[in-house]
Each structure stands twice: as structure tokens, then as C-alpha cells.
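Let's take a friendly walk through a protein model, going from the whole chain down to single residues. Have a look at the picture before reading on.

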Amino acid sequence: MIFSKNNFFETSDGTILYYEDHGEGDPILLLHGFCCSSQVFKRNIEGLTRNNRVVLLDLRGHGASSKTLQGVTMPRMAEDVKDLIEYLKLEDVTLLGWSMGGQVALMYWRLFGGYGYVRRLGILDSTLYPFSDDDWNRHGNRSYNMDKANDRLIAMLEDHEADARAMVDGMVTEGTPDEDREWIRKEIMKTPAYIAFSIYSDFLGRDFTDYIPAVTVPMLFIGSNSPAVKGEVAMDYYVSRCRTQYELVKIGESGHFFFYFYPDRFNQIVLDFIEKYPV
């Protein structure tokens, strides 16, 4: 990565965050997942910028952004998204959140949807209420299992590298090349375990499915299957709560990192969605 002054901005609470801004046209703003970074979308930039502007953000505590303990919660991360949109003067935004990024995207809508910046919203393989005891939820902490969550977080504090490797194993499919596994692991380890502890305990107990009915712009739901994430099952429940126009795409046994390993397919899904629902 090559950094410059233009890759960083200061949020309304004084935190320095990293972002990237590629191409021209209506903006697509991509939000990464828990303990990952904007770089997970590096294989999508070329395809998506043919007719659109692509904006990437390292959420606070992740990637190249400040490793602050201040505001590592979903509401503050949603405000960081608003700050970046206003900093870059973005309009007609397609906001797509992958994994935990889906929670951030829905929190953004709940708090700031009325500002009118976002015109399309996407939930990509997200578990929107990890503690839920409903059948749609296949998350490891289902049924309000805080003891299991704490065990995992303590293990992360004790051996961050081992936890990162296990996290990768749960998100990719069998046969994934070692070099890709290692690259993903290194991105995960850019988020310190103490910050991960704070973020994880914040989003586990929030029911983001309650926010779906209030969304008034077209929504894109993408679900896949991987060892640790059964997004396809959850998507059926999510769309049942949707009260606006939507597209539902199930892409099968492609792993949680489907956009990384199948960039052409993912890019086309996004571009078709944008074309179908012009602003």
C-alpha cells in the first residue's frame, strides 16, 4: 500500500481514519467486516470503477485507521460513515456493508438515513443479531451465549495469531490457497485484540433486523455459505422484514469472502442492482 495525506481524514470526534477514493460517477461505499479492512475489496475496485466511484473506509480500530478505544461502537462507526460522506461531499451513495459492515450500514440508516445521502443499501452476508435464538441465526453465539463470546475474546487476547487463523478457516472454503489465507490473517491482525473485544461485545446484543423495516431505499441482500457463516439462511428472514424494493442473491458454497474470490460475479451483482434501481 502507498499512503498519502489524502488517504486520511479527521472525524467529528477527532479520530483519524483511512479511506480510499477511486474512479468517477455515482459513489459505491463499501464497508468491511469485523477485524478486516478496506483492502479486502482490492479485487473489486477495477470492475466497479468502470462507471462508478468506489470509496473504501477502514472503520476505526481497523486497518490503517486510528487504534483508538474511543467510540468503538456501532453508532459511532455509523457516524464515521456520515463524516466521510460529508467530507467527500458524496451524493446518491450506494452503501454496501459486508459482515459486520452490514450492521454499520443499518445503524447509519437508522441514525442518518434522513439526510438523503444514501440512495441504495446492501447487506452482504451479515449476521444481524448474533445473539438471537431464532432458527435463521446460525452464529456461534446464538441464544445469548455471552459465556462463549467471552471465551473466544479471552482466547484472542491470549493468542491473537491463533485466533486470526481460526477466523480465516471459518470464512473461506476448503482448498483456499495458503497465500490468500495468510494475507487475510495479516489484515485481521491489524485490529488489536483489545479493540476487537470492545467492538464484538457491542454488536452481539443489538438486533439490527429491527432496523430493516424502516429502510425506504432499494436494498440488496447477498448470502453465501461458509464453515462459520450461513448467510443464505439469514437472508430469507431479512427480506421478510424488508418493506421496500429489494434484490436477493444466494451464491452458494463460495465462502464468506465471496467478493474476494469471485470478484467478477460480485461486481456484476452490484452493477445490475444499481442499474435496476436508478436514482
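The chain holds 10 helices and 8 strands. Keep in mind that this is a predicted model.

Here are some overall values for the chain:

| Property of the chain | Value |
|---|---|
| Span of the C-alpha trace along the principal axes | about 45 × 45 × 35 Å |
| Radius of gyration | 17 Å |
| Accessible surface | about 11,400 Å² |

So how does the radius of gyration fit with a compact globule? For 279 residues, such a globule would come out near 19 Å, and the chain's 17 Å agrees with that. Buried residues account for 58% of the 279 residues. As for the accessible surface, carbon and sulfur atoms own 46% of it. Now think about contacts between residues at least 6 apart in sequence: 75% of them link residues at least 24 apart.

Next, zoom in on helix 7, which covers residues 193-203. Its buried residues are Ala193, Ile195, Ala196, Ile199, Tyr200, Asp202 and Phe203. What covers them?

Where does Leu69 sit? You'll find Leu69 in the loop that runs between strand 4 (53-57) and helix 2 (74-87). Leu69 counts as exposed because its relative accessible area is 55%, and the cut-off for exposed is over 50%.

Technical notes. Residues numbered from 1 in each chain as written. Predicted model: local features only at pLDDT ≥ 70, side-chain atom pairs only at ≥ 80, totals over all residues. Heavy atoms only, no water. Helix = DSSP H or I, 4+ residues; strand = E, 2+ residues; numbered from the N terminus. Buried < 20%, exposed > 50% of the residue type's maximum accessible area, 1.4 Å probe, protein only. Rg over C-alpha atoms; globule rule 2.2 N^0.38 Å. Contact = heavy atoms within 4.5 Å. Areas by Shrake-Rupley, 256 points an atom, 1.4 Å probe, with all protein chains shown as cover.
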